[in-house]
Amino acid sequence: MAQQIAKRLQIQKSMSNMVKFASIAAFLFIFSLSSSHALWNKLTFQNKVISDKTTARNQLQADVMAANKLTNSYKSFNNAQTNLLGGTVSGVDNDNSKDSFRCTTQRLRLPSTNR
């Protein structure tokens, strides 16, 4: 009889140990899943940020190159030996940029409306 009670106590003790180990394993498994999910979300967000930064950097480099090209074009346009009207550049007020500005502002004048 004492042997049967000892066996039952061992069985109950081993069952309680199994429940403890199973609950710990379940907790670790769920914790691992939620942690990996959070890390995956951070990874995708960081990849999106890196991609957007790369796109912005490439666009900025293209804009700087376009600005440099525009500056060089303006200098070559403004330093030409003949102006837009076919005359020679002589004097301070006789350059291509000012002539083209005058032409466009005269062309774009709109009649004023009286209210």
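This is a short tour of the structure, stop by stop.

**Stop 1: the whole chain**

Start with everything shown. Keep in mind that the model is predicted. The secondary structure comes to two helices and zero strands. The protein has 115 residues, and buried residues make up 6% of them. Now turn on a surface. The protein exposes about 10,700 Å². Carbon and sulfur atoms supply 64% of that area.

**Stop 2: a nonpolar patch**

Select Phe21, Ile24, Phe27, Leu28 and Phe31. Together these residues make a nonpolar surface patch. Its area is about 570 Å².

**Stop 3: Phe27**

Phe27 sits in helix H1, which covers residues 2-78. Is Phe27 buried or exposed? Its relative accessibility is 56%, so Phe27 counts as exposed, because the cut-off for exposed is over 50%.

**Stop 4: two rings**

Two values describe a pair of aromatic rings: the distance of the centres and the angle of the planes. The count of aromatic pairs here comes to one. Phe27 and Phe31 form that pair, with ring centres 6.2 Å apart and planes at 20°. The pair is stacked because the planes are under 30 degrees apart.

Now look along helix H1. Phe27 and Phe31 are four residues apart there, so about one helical turn separates them. At 49% relative accessibility, Phe31 counts as partly exposed.

**Stop 5: a salt bridge**

Clear the selection. Side chains of opposite charge can pair when their charged atoms come close. How many salt bridges does a search of the whole structure find? The search finds one. Select Lys48 and Asp52 to see their side chains meet in a salt bridge. Draw a distance from N to O: the value is 3.4 Å.

Both Lys48 and Asp52 lie in helix H1. They are four residues apart, about one turn of the helix. Color them by accessibility. Lys48 has a relative accessible area of 53% and is exposed. Asp52 has 42% relative accessibility and counts as partly exposed.

**Last look**

Show Phe27, Phe31, Lys48 and Asp52 together. One view now holds the stacked pair of Phe27 and Phe31 and the salt bridge of Lys48 and Asp52.

How values were computed: Residues are numbered from 1 along each chain as its sequence is written. This is a predicted model: local features need pLDDT of at least 70, side-chain atom pairs count only at pLDDT 80 or more; totals for chains, interfaces and linings use all residues. Side-chain values use heavy atoms; hydrogens and water are left out. Patches are made of residues with over 30% relative accessible area and no salt bridge: like charges are joined within 9 Å, nonpolar side chains (Val, Leu, Ile, Met, Phe, Trp, Tyr) within 5 Å. Accessible areas come from the Shrake-Rupley method with a 1.4 Å probe; for residues, only the protein chains shown count as cover. A salt bridge is a side-chain nitrogen of Lys or Arg within 4 Å of a carboxyl oxygen of Asp or Glu. Buried means under 20% relative accessible area, exposed over 50%, partly exposed in between (1.4 Å probe, protein chains only). Rings of Phe, Tyr and Trp (its six-membered ring) pair if their centres lie within 6.5 Å; planes under 30 degrees apart count as stacked, over 60 as edge-to-face and the rest as tilted.
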